[in-house]
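Please examine it before reading the solutions.

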Amino acid sequence: MSYLGNLMAGIRTTCQGLKLTSTYMIRNVKPSNRFALEYPFEKLDIDKVTHRGLHEYDVDRCISCSLCAKACPVDCIYIESVGKGKKAIMTRFEVDYSKCLFCALCVPPCPSECIVLGERYSLPGHTRDDMIVKFHEGGFPIQVTSEHADGMAKEFQDEGLYASKKKERADHGVPTHEEQDPAQRR
Ligand code: SF4
Ligand code: SF4
């Protein structure tokens with residue numbers, strides 16, 4: 001195609017794109033026709049069956065077996081602990097969401113059912129480090145549990161492991177924080 005032909009084709013396709021964009025813009029002015037939500041003031045309802053959001057994790061019930069990390073296809077779960085088994089103290093359980101695929105392959109291998117994909121999906125930040133969530137600090141606890149997980153939680157509770165592990169994590173210099181407000185991170 002000649003130079004002039006190329007130029008005309010460029011102008012024609014640009015006009016076609018602008019026409020389409022302006023059609024949607026005009027249509028969107030009417031509230032009933034809107035395609036976009038004013039996030040974060042408005043949010044879509046989550047399909048609780050198919051949604052895969054940020055992880056939820058019970059740091060005290062984790063036995064540091066690393067099966068979740070081994071199952072992860074992109075190696076984005078980082079685990080460091082003192083001891084193994086029920087008495088393991090998690091000093092690092094981080095997920096790098098700049099790599100995570102939300103595939104959920106880390107969930108089924110967990111013998112403690114202490115890691116699930118939850119409803120939260122918002123993780124704003126300016127650096128790659130902001131995409132790393134430090135679950136060992138106690139945020140993002142599991143909201144919906146299973147019968148097996150509840151049974152294990154009771155066992156850990158009865159043995160006083162929840163209380164002792166919290167203290168031991170503090171002794172190892174792991175900072176803790178109260179549960180983050182889920183509404184802030186969705
Ligand atoms: S959801 Fe998939 S990619 Fe993300 S941490 Fe789990 S296994 Fe890894
Ligand atoms: S598989 Fe479960 S118990 Fe094992 S390290 Fe991962 S979260 Fe902890």
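**Exercise 1.** Is Asp-171 buried or exposed?

*Solution.* The model is predicted: local features need pLDDT of at least 70, side-chain atom pairs count only at pLDDT 80 or more, and totals for chains, interfaces and linings use all residues. Residues are numbered from 1 along each chain as its sequence is written, and side-chain values use heavy atoms, without hydrogens and water. Asp-171 belongs to helix α4, residues 161-171 (helices are DSSP runs of H or I with at least four residues, strands runs of E with at least two, numbered from the N terminus). Its relative accessible area is 53%, so Asp-171 is exposed (over 50%; buried is under 20%, partly exposed in between, with a 1.4 Å probe and protein chains only).

**Exercise 2.** Identify the residues with the most contacts inside the largest nonpolar core.

*Solution.* A nonpolar core joins buried Ala, Val, Leu, Ile, Met, Phe, Trp, Tyr and Cys residues through side-chain atoms within 4.5 Å. The largest has 23 residues, and Tyr-57, Ile-77, Phe-93, Val-95, Tyr-97 and Phe-135 have the most contacts inside it. Helix α2 (67-71) and strand β3 (89-96) each supply at least two residues of this core; β3 gives the most, with three.

**Exercise 3.** Which residues are closest to ligand 1?

*Solution.* Among the 13 residues surrounding ligand 1, the closest are Cys-72, Cys-100, Leu-101, Cys-103 and Cys-106 (near means a heavy atom within 4 Å).

**Exercise 4.** Which residues are closest to ligand 2?

*Solution.* Ligand 2 is surrounded by 15 residues, the closest being Cys-62, Cys-65, Ser-66, Cys-68 and Cys-110.

How values were computed
Chains lettered and ligands numbered in written order.
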